[in-house]
Amino acid sequence: MTTKLARRARRTSVLLVAGALVLAAGGPAGADVPENWSTPSDVDPVEAVLLLVGVPLLLFLVITALVVIPGVIKGERFTPGGQATQDQWFGGPSKGTAELPAPDNDESKAGGASGRW
């Protein structure tokens, strides 16, 4: 029977060995650039940040605007509490079951679901 410390040490060593194998396999390649290929210039860091951060941010802003602007044009309010739901029926009638008509006879469709098969 092993202790928790021995089990934890074994797991940690397995993870460390697996990580070391992944890092060793992903080392630099030993190949040179082929003779007929051009040597590209270095990428400007500002250009890289604009491309990798600016484009997704711009895309996020455009999508947000496309979602929000139609509601603003209609005059909907965006409040932290959300919109009022008086005209929607979530969870049943607001005054109890008295709002639902009761069935008049055995063949009546009023009153909701029945248990007859």
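Begin by selecting Leu51, which counts as exposed because its relative accessibility is 57% (exposed means over 50% relative accessible area, buried under 20%, partly exposed in between, with a 1.4 Å probe and protein chains only). This is a predicted model, in which local features need pLDDT of at least 70 and side-chain atom pairs count only at pLDDT 80 or more, while totals for chains, interfaces and linings use all residues. Residues are numbered from 1 along each chain as its sequence is written, and side-chain values use heavy atoms, without hydrogens and water.

Together with Leu51 they form a nonpolar surface patch of about 490 Å² of accessible area. Patch members have over 30% relative accessible area and no salt bridge, with nonpolar side chains (Val, Leu, Ile, Met, Phe, Trp, Tyr) joined within 5 Å and like charges within 9 Å. A salt bridge here is a side-chain nitrogen of Lys or Arg within 4 Å of a carboxyl oxygen of Asp or Glu.

Now extend the selection to residues 45-74, helix α2, in which Leu51 lies. Helices are DSSP runs of H or I of at least four residues, and strands are runs of E of at least two, numbered from the N terminus. The 30 residues of α2 reach 43 Å from first to last C-alpha, close to the 44 Å expected at 1.5 Å a residue; the expected span is 1.5 Å times one less than the number of residues.

Within α2, select Gly54, where a kink of about 30 degrees lies shortly before Pro56. The bend is the angle between axes fitted to the seven residues ending there and the seven starting there. Just after α2, Gly75 has a positive phi of about 95 degrees.

Residues 47-69 carry the annotation "transmembrane region" in an unreviewed UniProt entry. This stretch is 100% helix and 0% strand, with its end C-alpha atoms 31 Å apart.

Finally, move to helix α1, residues 4-25. Among its 22 residues, the count of buried ones is 0.

Definitions and conventions:
UniProt positions renumbered as here; feature names shortened; annotations may be inferred. Areas by Shrake-Rupley, 256 points an atom, 1.4 Å probe, with all protein chains shown as cover.
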